[in-house]
Amino acid sequence: MLSIHARLFAGFGATLGVAAALMVAIIYLGIRFVPTYDLRPGTPITAADIAAMNVEHSTTLPLAHTTGISTKQDVWSAVLFVSVAALLVVTAAGLVAGWILSRRLLAPIHAIGEAAGRAADGHLHDRINASGPPDELRRLADTFDAMLARLEESFAAHQRFAATASHELLTPLTTTRAILQVTESECSGEELAELAPMLRATNERSIAVVTALLQLAAADRMLPDEEPVDVSALVAETVAEQRDTAAARRITVAVDTEPECPVPGNAALLRQLIANLLGNALAYNVEGGRVGVTVDLRADDAVLTVRNTGPRIEADAVERLFEPFQRAQPRVGSDRSGHGLGLAIVRSITKAHGGVVTATAIPEGGLAVRVTVPSGH
């Protein structure tokens with residue numbers, strides 16, 4: 001359970017202690033048992049011996065004949081030789097132990113490098129799946145796995161986006177081409193009058209798709225302002241604008257907001273967010289259904305919730321609704337005029353304001369979308 005820093009410190013500390021003990025043991029055993037010691041006291045020197053040997057020019061005292069180590073110089077030489085030998089042995093053993101220990105401890109780094117290389121080649125499905133104690137390297141490997149999972153999901157979402165965007169734009173263009181081909185042939189004025197509205201409607205749909213894509217791109221790159229914006233006032237304005245649409249389908253809109261709910265942000269983006277949520281709640285509803293809009297202040301967050309009745313939605317399909325061009329119901333066989341970009345724009349605007357958006361399928365039918373944005377208090 002120790003961290004990698006503590007484990008390295010403990011491991012190298014233990015290695016150093018063992019190496020020091022080994023060196024002491026080698027030196028002691030080498031000095032104790034390898035050489036032979038025959039150190040004997042010298043013969044006493046008399047005055048006559050001093051005069052005869054001219055002791056003032058002598059540098060050593062006469063010793064009896066000895067073998068092996070018989071002087072201090074011999075002992076120092078033996079100690080130096082044995083110490084150097086012991087140092088070489090301990091250094092070699094320490095290098096081997098350090099190599100094995102560091103390679104074992106840093107093995108996850110090698111695994112991460114291999115996974116990064118495979119990811120660079122496009123294999124985003126590979127994972128490290130590191131085992132061992134939850135130290136820094138284990139957390140790094142787990143974080144890398146999570147990053148690969150998000151990248152794989154992001155690339156898959158972009159591929160789906162490219163395919164569906166191409167389909168969305170290809171359909172009206174194909175319709176326009178068919179209408180133009182008909183007009184090129186001989187047709188009466190009455191037939192041309194019938195085709196003109198179809199051509200105009202198709203052109204308007206193409207413009208609407210491109211406009212929605214531009215709004216999505218703008219929400220991704222636009223930075224929110226620091227000036228406070230009253231979300232409650234924006235909700236009241238948006239609901240008032242959608243009253244006629246709700247009345248046409250006999251949908252009841254209930255609003256419950258705080259008197260004031262200021263949040264730092266971009267008023268245009270937040271108004272677009274509320275309009276998209278309310279528009280989806282009205283479009284994907286049933287005749288005579290209900291829509292509930294609430295704004296609450298919770299701690300340091302402002303929470304906007306939009307609930308609506310409607311068809312039942314599978315729980316595993318809710319998260320996909322935030323992807324571009326995803327709808328709760330297929331466009332074929334449906335009279336929905338949306339493009340499947342509403343919730344994608346909502347998520348981008350929420351992320352730009354440092355918030356979080358979640359959606360929950362209501363068991364009886366319909367959807368509840370909650371947007372949480374920091375209030376800056």
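The largest cavity of this predicted model is lined by Val231, Val263, Leu270, Leu273, Ile274, Ala302, Val303, Leu304, Val371 and Val373. Helix H9 (267-283), strand E5 (301-308) and strand E7 (367-374) each give two or more residues to this lining; helices (H or I, at least four residues) and strands (E, at least two) are DSSP runs, numbered from the N terminus. A cavity is a set of points on a 1 Å grid over the protein atoms alone where a 1.4 Å probe fits but cannot get out, and lining residues have an atom within 4 Å of a point. The lining comprises 10 nonpolar, no polar and no charged residues. Ala, Val, Leu, Ile, Met, Phe, Trp, Tyr, Cys and Pro count as nonpolar, Asp, Glu, Lys and Arg as charged, and the others, Gly among them, as polar. The volume of the largest cavity is about 90 Å³, and the structure holds two cavities of 30 Å³ or more.

Leu304, a residue of strand E5, is buried at 7% relative accessibility (buried, under 20% relative accessible area; exposed, over 50%; partly exposed, in between; 1.4 Å probe, protein chains only). A distance of 9.4 Å separates the C-alpha atoms of Leu304 and Val357, which lie 53 residues apart along the chain.

Leu29 belongs to helix H1 (residues 4-33) and is partly exposed, with a relative accessible area of 46%.

Residues are numbered from 1 along each chain as its sequence is written. Local features need pLDDT of at least 70, side-chain atom pairs count only at pLDDT 80 or more, totals for chains, interfaces and linings use all residues, and side-chain values use heavy atoms, with hydrogens and water left out.

Definitions and conventions
On a 1 Å grid over the protein atoms alone, a cavity is a set of points where a 1.4 Å probe fits but cannot get out, and a pocket is an open set with protein on both sides within 12 Å along at least five of seven lines; lining residues have an atom within 4 Å of a point. Grid points are joined across faces, edges and corners, and a volume is the space filled by probe spheres set on the points.
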